[in-house]
Amino acid sequence: MASSSSLLAVLGTLALLLSPSASALSSTLSPDFHAETCPQLDGIVRAAVQAALTREIAIAAGLVRIYFHDCFPQGCDASILLNSTSARETALGPNLTIQPRAMQLVESIRSTAHAACGPVVSCADITLLATRAAIVASGGPTFPVPLGNLDSLAPASQDKVFDLPSPATTSVAALVQSFGTRGLGDVADLVALSGAHTIGRSQCGSFSDRSQRADDTFSRKLAANCSKNPDRLQNLDVVTPDLFDNGYYKALGFNQGVFTSDMALIKNKTTAPIVKQFAASKEAFFAQFAKSMTKLASVPKPAGNVGEIRRLSCFRTNAQTAVVIETAVDAAGEEDEEGVAASA
């Protein structure tokens, strides 16, 4: 039989979720947004990310991928966390073992932060902070991110989810045009953000267009490896796969880019000099990458910063969570009635 105290607690949670403050409009974003309301936030995020990377280094790449696929379509709003499993998996790519654990890390940090500070930090902000912490822990640069983002009230529309250019893209002009629509019009943004491939792995199906062409030594090697084991994971940086550095660019200089879009950068007369600059200087890469990641975190939102802070789960809106709780309340009430009838 459900106790009256537990039922009251559930009702209290439901009231909190349905309160007017659960959704809002905010236009003020700042790297210091949580300085007063949750001063320990950075420490909570760093501790959780470092512990997760100790268990599984590949989670860093998973977080970076979520950051890209959340912020690029319609601004950073944690909408990718709401998409149906099939849509989310299709958008995030075929390496489905890492992304769920990276997303669960975001949810775990939300739970810890809300326990420490109250429900004042959005899942969108946690995604930004966790990704930055993972990049730094992997050897990369730090960078400011605008905080105070609200979580979306609905999943991103499917046409926006798939707005990120395909890794099979051969045209640098198409890549530059796509990035330019998001305020990333500097060609250096494209080259630097592609450098996120310095960590991470991908399954054979995601680069089959490159391996099947077999037009150079490396693509033939990719084809041979995938023929032996179609489920293998290929390092995207064959120089230093688990370290965030400029090894990716050094590999491009030897035609060892895994994706067609990677190879397009070294073959294009506009982007090739930037690739060579980053290959020669990790500092130059880090400086531009930090600048471009901040710009990516600032992609405009079509309706402005509208939404809520998801209070009980990053994977459900507050309204969706309220429906679950209402169902539980109804079930608990029926259980109480049955108990009263049995004791009568």
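This is a predicted model: local features need pLDDT of at least 70, side-chain atom pairs count only at pLDDT 80 or more; totals for chains, interfaces and linings use all residues.
I started with the second largest pocket, which has a volume of about 210 Å³. My search ran on a 1 Å grid over the protein atoms alone, where a pocket is an open set of points with protein on both sides within 12 Å along at least five of seven lines. Grid points are joined across faces, edges and corners, and a volume is the space filled by probe spheres set on the points.

Numbering runs from 1 along each chain as its sequence is written, and side-chain values use heavy atoms, with hydrogens and water left out.

**Pocket lining.** I counted 14 lining residues for the second largest pocket, and Gln 74, Asp 77, Ser 152, Gly 304 and Val 306 lie nearest its centre. Lining here means having an atom within 4 Å of a point. By class I got seven nonpolar, five polar and two charged residues.

**Cavity.** How many cavities of 30 Å³ or more does the whole structure hold? I found one. A cavity is a set of points where a 1.4 Å probe fits but cannot get out. The largest cavity comes to about 50 Å³. Its lining includes Ile 57, Ala 60, Arg 201 and Asp 242, and divides into six nonpolar, two polar and two charged residues.

**Whole chain.** I logged 16 helices and four strands; these are DSSP runs numbered from the N terminus, helices being H or I of at least four residues and strands E of at least two. Of the 344 residues, 52% are buried, where buried means under 20% relative accessible area, exposed over 50% and partly exposed in between (1.4 Å probe, protein chains only).

**Helix H8.** Which residues of H8 (residues 172-180) are buried? I have Val 172, Leu 175, Ser 178 and Phe 179. Looking down the H8 axis, I see them within an arc of 125°, so they line one face of the helix; the arc is that of the directions from the helix axis to the C-beta atoms. On the other side, Ala 173 and Gln 177 are exposed. The cover over the buried residues includes helices H3 (59-74), H9 (187-194) and H13 (260-267). At the start of H8, a side-chain oxygen of Ser 171 comes within 3.4 Å of the backbone nitrogen of Ala 173.

I placed Ser 206 in the loop between strand E2 (201-203) and helix H10 (208-213). Its relative accessibility is 14%, so I count Ser 206 as buried. The Ser 206 side chain reaches the backbone oxygen of Gln 203 at 2.7 Å. Gln 99 is in helix H5 (residues 99-117) and is buried at 5%.

**Positive phi.** Most residues other than glycine have a negative phi. Ala 78 has a positive one of about 60°; I found this residue in the loop between H3 and helix H4 (85-92), buried at 0%. Asn 255 also has a positive phi, near 60°. Asn 255 is in the loop between helix H12 (247-252) and H13, and is partly exposed at 36%.

Conventions:
Contact means heavy atoms within 4.5 Å. A polar contact is a pair of N or O atoms within 3.5 Å; within protein, one must be able to donate a hydrogen and the other to accept it, and residues adjacent in sequence count only if both atoms are side-chain atoms. Ala, Val, Leu, Ile, Met, Phe, Trp, Tyr, Cys and Pro count as nonpolar, Asp, Glu, Lys and Arg as charged, and the others, Gly among them, as polar.
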